[in-house]
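Welcome! Have a look at the picture, try each task yourself, and then read on.

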Amino acid sequence: MTPPRTKISARHSLGIRLPLAAGALVLIVGAALTTAAYLTVRRAGLEDATQRLMTLSDQFSETFRTSMAQLRAQVQGTANRNPVSAFLRSPTPALELAARTAIEYQGPQEEQVAVVEIRDESGQRLLGSDDFTISDSFPRPAHADSSLVGKFTQHGDSVLYPIAARVPGPQGGYVVQWRRVGTTARTREQTLKIIGTGAELYFGNSDGSVWTDLTGGVPAPPIELNRLNGILTY
């Protein structure tokens, strides 16, 4: 025996479809509004974060620019000492002790200075405050009373950078001070608090060869340095 079929009139069918369609429309509109609100908040958050990063970047740049100017002036002062130029004119044992005393670093944060060198016009090392050599690559200031900061160099577990000052006089030559990149754990923690939660601070050579977080060498971030103009995301 065939079971009876239930018939739904067009009026009843419309009465069912309309509430369903209205409910679906409400859900779609609600989802659209939620998405729009999320995107608006996210955009505002990214704009705020971008502005904050730009401001912090400018502040750190100015701080390190000032610090480097002070260090360059100190190295230049060493290069201007008479025993240094005298030793370059005549690198003899009789003048070595006075030159070694002249280049001995006696400023603050002495532990950050790895070695101070006297090099001739060709870049050959003639004398050092210590026996080891970090690298023969250093910037060459072209004029007297001028100094330059060089690139980061990986030396064992340490990252160092040179500050070179030209020695005045016809004999030429350079004083090169090699400094370790380093900071205390507390100073780094305070710096990261200024930047914000989940942030890191990195410095690197413009050619991407060496990067540091101020405690040692770190892998290079996955960015294209030729596009480094403003904020990059990855």
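**Exercise 1.** By about how much of the helix are Arg100 and Glu96 separated in helix H3 (residues 93–103)?

*Solution.* Before starting, please keep in mind that this is a predicted model.
- Step 1: Arg100 and Glu96 are four residues apart in helix H3, so they are separated by about one helical turn.
- Step 2: Arg100 and Glu96 form a salt bridge, and their closest N and O atoms are 2.8 Å apart.
- Step 3: Now check the surroundings. Arg100 has a relative accessible area of 31%, so it is partly exposed. Glu96, at 29%, counts as partly exposed too.

**Exercise 2.** Find the salt bridges of Arg119, and say which residues are joined into one network with it.

*Solution.* 
- Step 1: One partner of Arg119 is Glu117, with the closest N and O atoms 2.9 Å apart. Both of these residues are buried.
- Step 2: Asp136 also forms a salt bridge with Arg119, and here the closest N and O atoms are 3.1 Å apart. Arg119 lies in strand E1, while Asp136 lies in the loop between strand E2 (125–128) and E3, so this pair ties together parts that are 17 residues apart in sequence.
- Step 3: Compare the two ends of that pair. The relative accessibility of Arg119 is 0%, so Arg119 counts as buried, whereas Asp136 reaches 53% and counts as exposed.
- Step 4: Through shared partners, salt bridges join Glu117, Arg119, Arg125 and Asp136 into one network. A search of the whole structure finds seven salt bridges.

**Exercise 3.** Which strands pair with strand E6 (residues 174–180), and is E6 mostly covered or open?

*Solution.* 
- Step 1: Strand E1 (residues 113–119) is joined to E6 by six bridges, and the two run antiparallel. In this pairing, Val115 stands opposite Trp178.
- Step 2: Strand E5 (residues 158–166) also pairs with E6 in the antiparallel sense, over seven bridges. Here Pro162 has Trp178 as its bridge partner.
- Step 3: E6 is mostly covered, as six of its seven residues are buried.
- Step 4: Look next at the loop between E5 and E6, where Gln171 is found. A polar atom of the Gln171 side chain lies 2.8 Å from the backbone oxygen of Pro168. Beyond its neighbours within four places in sequence, Gln171 is in contact with Ser85, Leu88, Arg89 and Glu121.

**Exercise 4.** In what order do the three strands of the open sheet lie, and what surrounds Thr212?

*Solution.* 
- Step 1: The order is E7-E8-E9, with antiparallel pairing. Strand E7 (203–204) and strand E9 (217–218) are the edge strands, each pairing on one side only.
- Step 2: E7 is joined to strand E8 (residues 211–212) by two bridges. Thr212, in E8, is the bridge partner of Phe203.
- Step 3: The relative accessible area of Thr212 is 0%, so Thr212 is buried.
- Step 4: A polar atom of the Thr212 side chain lies 3.0 Å from the backbone nitrogen of Leu214. The backbone oxygen of Gly216 lies 2.8 Å from a polar atom of that side chain.
- Step 5: Leaving aside neighbours within four places in sequence, the residues in contact with Thr212 include Phe152, Val159, Val181 and Val218.

**Exercise 5.** Is Leu148 buried or partly exposed, and which residues does Leu148 touch?

*Solution.* 
- Step 1: Leu148 sits in strand E3 (residues 147–149). With 38% relative accessibility, Leu148 counts as partly exposed.
- Step 2: Not counting residues up to four places away in sequence, Leu148 touches Arg72, Pro139, Arg140, Pro141, Pro162, Ile163 and Ala164.
- Step 3: Ala165 is 17 residues from Leu148 in sequence, and their C-alpha atoms are 6.6 Å apart in space.

**Exercise 6.** Which residues make a nonpolar surface patch of about 230 Å²?

*Solution.* 
- Step 1: Leu53, Met54 and Ile231 make this patch.
- Step 2: Met54 belongs to helix H1 (residues 10–79) and is partly exposed, with a relative accessible area of 33%.

**Exercise 7.** How many helices and strands does the protein chain have?

*Solution.* 
- Step 1: The chain has four helices and nine strands.
- Step 2: From the N terminus on, the elements run α-α-α-β-β-β-β-β-β-α-β-β-β.
- Step 3: Of its 234 residues, 30% count as buried.

How values were computed:
Residues numbered from 1 in each chain as written. Predicted model: local features only at pLDDT ≥ 70, side-chain atom pairs only at ≥ 80, totals over all residues. Heavy atoms only, no water. Patch = residues over 30% accessible without salt bridge, like charges linked within 9 Å, V, L, I, M, F, W, Y side chains within 5 Å. Areas by Shrake-Rupley, 256 points an atom, 1.4 Å probe, with all protein chains shown as cover. Salt bridge = Lys/Arg side-chain N within 4 Å of Asp/Glu carboxyl O. Buried < 20%, exposed > 50% of the residue type's maximum accessible area, 1.4 Å probe, protein only. Pairing = 2+ DSSP bridges. Polar contact = N/O pair within 3.5 Å; in protein donor to acceptor, adjacent residues only side chain to side chain. Contact = heavy atoms within 4.5 Å.
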